[in-house]
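Subject: Structure handover

Hello,

Here is the structure for you to look through. Please open it beside this message and follow along.

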Amino acid sequence: MIFRHIILGIAFIAAFSSTGCGPNQRIIRSGEENPPANVFEQKVEPARTSFETDLGSMRTAGFEAIYVIRRKDDGPFDADDKRYLAANIPSEVNRREISDEGKALIIGTNFVLTSEILSAVRQRFDVQDVSVGQQTSGIDLKNEDRVR
């Protein structure tokens with residue numbers, strides 16, 4: 001008789017535990033309510049380049065003047081270029097940022113560089129004034145040569 005109660009108890013426990021192990025149907029059905037989003041309908045903004053990001057951070061910093069300096073052959077700066085720029089650009093400029101895979105130097109300053117400084121730099125490099133007050137939309141910053 002005890003053996004019979006043990007067998008009956010084991011059968012009851014097995015039947016009870018097997019019914020509780022199924023998936024939650026409410027959660028399974030909730031996926032049907034939200035159809036998958038169409039990938040083609042999503043608007044994706046193009047990723048900003050490091051140059052655009054660096055230039056944007058210079059513009060939001062509130063500098064009076066922002067200059068972009070590039071080699072005339074549009075190549076990356078080498079050690080000699082960096083020495084020349086360090087010798088000809090005053091150390092008082094507020095921020096210097098090498099950008100565009102080493103091809104551009106962005107300078108942010110709270111004073112306008114003098115014509116003597118710009119002339120010395122222009123002997124070897126292209127210089128663009130891209131200060132906040134300057135009109136820059138639609139301008140190819142690699143080829144536009146402007147001075148205030």
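**Helix 3 and its packing**

The buried residues of helix 3 pack against strand 1, strand 2 and strand 3. Keep in mind that the model is predicted. Helix 3 covers residues 50-60, and its buried residues are Phe-51, Asp-54, Leu-55 and Met-58. These residues span an arc of only 95 degrees around the axis, so they sit on the same side of helix 3. Here is the background: an α-helix has 3.6 residues a turn, so residues three or four places apart point the same way. Just after helix 3 comes Gly-62, with a positive phi of about 80 degrees.

**The whole chain**

Now step back. The protein chain has 5 helices and 4 strands. Along the sequence, their order is α-α-α-β-α-β-β-α-β. The protein chain has 148 residues, and 28% of them are buried. It exposes about 10400 Å², with carbon and sulfur atoms supplying 56% of that area.

**The nonpolar cores**

How many residues does the largest nonpolar core have? It has 17. Ile-69, Leu-85, Ile-89, Leu-105, Val-121 and Phe-125 have the most contacts inside it. Five elements each give this core at least two residues: strand 1 (65-71), helix 4 (79-88), strand 3, helix 5 (115-122) and strand 4 (125-129). Helix 5 gives the largest share, with 4 residues.

Val-121 is found in helix 5. Is Val-121 buried or exposed? Its relative accessibility is 2%, so Val-121 counts as buried. Leave out residues up to four places away in sequence, and Val-121 touches Ile-69, Tyr-84, Leu-85, Asn-88, Ile-89 and Val-127. Tyr-84 is 37 residues from Val-121 along the chain, yet their C-alpha atoms are separated by 8.3 Å.

Phe-125 has a list of its own. Setting aside neighbours within four places in sequence, Phe-125 is in contact with Ile-69, Arg-70, Arg-71, Lys-72, Phe-77, Asp-81, Tyr-84 and Leu-85.

**The salt bridges**

The structure holds 8 salt bridges. Which residues form a network of them? Arg-71, Asp-73, Asp-78, Asp-80, Asp-81, Arg-83 and Arg-124 are linked in this way.

Start with Arg-71. Its side chain meets that of Asp-73 in a salt bridge of 2.9 Å, N to O. Asp-73 has a relative accessible area of 53%, so Asp-73 is exposed. The side chain of Arg-71 also meets that of Asp-81, at 2.8 Å, N to O. This pair links distant parts of the chain, with Asp-81 in helix 4 and Arg-71 in strand 1, 10 residues apart. Asp-81 counts as buried because its relative accessibility is 5%.

Asp-81 forms a salt bridge with Arg-124 as well, and here the closest N and O atoms are 2.7 Å apart. Arg-124 lies in the loop between helix 5 and strand 4, while Asp-81 is in helix 4, so the pair ties together parts that are 43 residues apart in sequence. Arg-124 has a relative accessible area of 29%, so Arg-124 is partly exposed.

**A buried aspartate in a loop**

Asp-100 is in the loop between strand 2 (95-99) and strand 3 (104-109). Why does Asp-100 count as buried? Its relative accessibility is 18%, and the cut-off for buried is under 20%. The side chain of Asp-100 makes a polar contact of 2.8 Å with the side chain of Arg-70.

Best wishes

How values were computed. Residues are numbered from 1 along each chain as its sequence is written. This is a predicted model: local features need pLDDT of at least 70, side-chain atom pairs count only at pLDDT 80 or more; totals for chains, interfaces and linings use all residues. Side-chain values use heavy atoms; hydrogens and water are left out. Buried means under 20% relative accessible area, exposed over 50%, partly exposed in between (1.4 Å probe, protein chains only). Accessible areas come from the Shrake-Rupley method with a 1.4 Å probe; for residues, only the protein chains shown count as cover. A polar contact is a pair of N or O atoms within 3.5 Å; within protein, one must be able to donate a hydrogen and the other to accept it, and residues adjacent in sequence count only if both atoms are side-chain atoms. A nonpolar core is a set of buried Ala, Val, Leu, Ile, Met, Phe, Trp, Tyr and Cys residues joined through side-chain atoms within 4.5 Å. Contact means heavy atoms within 4.5 Å. A salt bridge is a side-chain nitrogen of Lys or Arg within 4 Å of a carboxyl oxygen of Asp or Glu. The arc is that of the directions from the helix axis to the C-beta atoms.
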